[in-house]
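Q: Could we go through this structure together? Please set out the terms as we reach them.

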Amino acid sequence: MDKSKTFDLSKTGLTRRTALKGLAATAGLVTAPGFVRYSQAQSSAPIKIGFQSHRTGIGAAYGRWYEKTTAAAVKAINAAGGINGRQVEVIIEDDGTDPGRGAEVVGKFATQHKTDIVFGTLFSHVVIGSAPAAGEAKIPYFVVSEGHHVASTKLNRYVFQPGITDVKSQIQSMAPWIAANAGKKVTQIFPDFAFGYDHRDYLPPALKAQGADVIAQIAIPPTESSFTKYFPQIPAETEVIYHVMVGPAVLTFVKELGEFYGSNRPQLFGFMDSLEATDINSPGLEFLDGSHFWEGSPRYAQADDSAAQKAYRAAVGIDDNGAALGDPKDVSTASHMFGCWETLYVVKKAMEDAGYKGPEDRAKLVEATEALTAFAEGPEHPQGPKTFNGKIHQCFGIQNISKVEGGKLKVVHKTKIEDGLYEAEGDYTTQAL
Amino acid sequence: MHFGPHLLLAALEGLVTSAVLALTALGLSLVFGVMRVVNVAHGEFFMLGAVLAWAITTSIGGHPALGFLAALVIAPLIVGAIALVAERLVLRRLNYNPEATIVATIGMLYIIQQLALTFYGPEARPVEPPFTYRILLPWFGYSGYKLSVIAASALLLVATWLVLTRTKIGLIMRATQYDSETAQAFGIPVGRVYGGVFALGAMLAAIAAVLIVPISQAHYLMGQDPLLLSFIVVIIGGLGSLRGTVVAAVLIGLSDGIISMFFSPTLAKIIATLLVAMVLVFRPQGLFGTASR
């Protein structure tokens, strides 16, 4: 064997004496004055929020705007003195909009970054994939996902959705409007994964209760890039197409729908997801004029916007058309991203209620969050008032139905919180902490 | 919708898929046929074509057709140049060893994809079609641009065929494909032919992408589907056979369109993959391939 290429331990001169010296030095370092500051860490070090962001993958457009909104909210919170007198620091990890990586990211936050909470996930399959990791690490996980999975109580006690209403509630509150104004025979187009299944499962009963029917359900994979082939499945007697799509090809989806029908189309009722981060005035989308959309928070500034809504839009940096200030082509994900802002203020409230000091108080934080019941409309909750059900970890707010008019979206109907309330399907508070 | 119009729409959709697929797969097939290199990074050259088309159209402005035509010329040239550099720097140094080049092109796939992510970003961005004309049929509307893609692709395929069969360059390429050592003995600069073929293969993928990008959108992950489908087409058609590639592309495209529409898109993929397995079992050289010597 060639000795020069091997590592010979006997030659390195590691004797018992040097080993002992090393040990002593290490021990000395640990007890040295420099380390004392760690004992005060809880009172002065920043509160660390692990932000699980869809920086890449099919959710990238949302991820970017979730980051902008979060940065704006944290800036506002820090400027007003932080949480419990401590500044807030956000640590971002990309999950690639992938459930497997999502779980890894949660683990990384819990063990490596040692963040106080994990926050910010949108895509429902990532939330469902990451929730067990959060439960296992016993780290509170505040998602901004819109899916019904949190409220279904099928996840665990550490997962919360206090900033955005879930799909089941949204559908229930809008179904009366759809049945009364758009039509009674509805064909549904939805993405073929967890979030889409919420639409698939909860729309038919909600419409049935209003005397309308879902006559066809068309599932399309969120990674699909061509859509015309699905449209012949839409029955000719359809009065309303209820569409909700996600993924990088949403613009293609809507464009091809327009090519297929032109102006001779059934009524369209879409979730804004079908056009988030996409300009509704893109070429080929003219046929959308007069159609209706659900909006969580309106993309376009409305005549009756509250002062809080105006301040929120300015802080996040979006203009009256819902695009980035200075770049009218960079359209935001306004219908969802407000949830990041509001969730951070819920976290602030819960941490203050719990007298939260550090990771050892995570259980107290969970209980304090569960004790919340309502959030008043205002600078902290610019989208509108909300109630919160601590048993199912879900908030309930108002929804907007907007009409496309002259290249803008105008809110024509606002639902009430009561319209979207339903019987709880379980109770997280009975689970052990 | 009645059966007739339904079938017509399915066939149209299938032909658009076929048109783009034929061009992309032809590039893959040429590279394999002449160089015996399985180019796993082929889909990324496709993606680069689309991303560059976006960059070119947005920087030119004016009428969409202007930017689009510029993209149709410039994007493939840039992609070809990148492919040429990759061939010189990587494949040639591996002596075109089949196993090593697979690993190397997998590496290229990731490098190109991540560079696109870094410099272009994770968003899907639209490119305006050169013209928007909606053909109004009695049963449904159809994009006029999509039909023009079919025509453009057919023209390009004929042009490639003419180059391969009627020109000296084509003769040299075919000679290299037939027997590279003898070709070299007759004074054909095999190394340069390899470089040119690799660039040409990438350019064909880039052209296909520029044609499709006004229909779909430019996205850094868009290379995966075309790569998979191209492999399916090339295996069914016979590696290195131009005719086989085109026939298989039409077959796969049409069956994809028709099966997706009447049954489900998933079933279309299942059947295509099953077809590959069948071809590999019963006719390993592909439908039109010649048995290896």
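A: Helices (H or I, at least four residues) and strands (E, at least two) are DSSP runs, numbered from the N terminus. The model is predicted: local features need pLDDT of at least 70, side-chain atom pairs count only at pLDDT 80 or more, and totals for chains, interfaces and linings use all residues. Residues are numbered from 1 along each chain as its sequence is written, while chains are lettered from A and ligands numbered from 1 in the order in which they are written.

Q: At what angle do H3(A) and H10(A) pack?

A: The angle between helix H3 (residues 60-79) and helix H10 (residues 334-354) of chain A is about 35°, and their axes are 8 Å apart.

Q: Which residues of H3(A) and H10(A) meet?

A: From H3(A), they include Trp65(A), Tyr66(A), Thr69(A) and Ala73(A); from H10(A), they include Met337(A), Trp341(A) and Leu344(A). Contact requires C-beta atoms, placed from the backbone, to lie within 7 Å. This helix contact has 10 nonpolar, 3 polar and 1 charged residues. Here Ala, Val, Leu, Ile, Met, Phe, Trp, Tyr, Cys and Pro count as nonpolar, Asp, Glu, Lys and Arg as charged, and the others, Gly among them, as polar.

Q: How is chain A divided into domains?

A: Domain 1 covers 45-166 + 338-397 + 425-430, and domain 2 covers 167-305 + 314-332 + 400-414; such bounds come from an automatic or database domain assignment. The C-alpha centres of these two domains of chain A lie 27 Å apart.

Q: How many residues are in contact between domain 1 and domain 2 of chain A?

A: Domain 1 of chain A contributes 22 residues and domain 2 of chain A contributes 20. On the domain 1 side, H3 and helix H5 (124-137) of chain A each give two or more residues. H3(A) gives the most, with 7 residues.

Q: Turning to the chains, how many residues of chain A are in contact with chain B?

A: There are 21 in chain A, facing 27 in chain B. On the chain A side, H3 and helix H8 (250-261) each supply at least two residues. H8(A) gives the most, with 5 residues.

Q: And within chain B, what is Ala50(B) in contact with?

A: Leaving aside neighbours within four places in sequence, Ala50(B) is in contact with Ala209(B), Val210(B), Val213(B), Ala218(B) and Met222(B).

Definitions and conventions
Axes are lines fitted to C-alpha atoms, for helices over the stretch in contact, and angles run from 0 to 180 degrees between N-to-C directions. Two residues are in contact if their C-beta atoms, placed from the backbone, lie within 7 Å.
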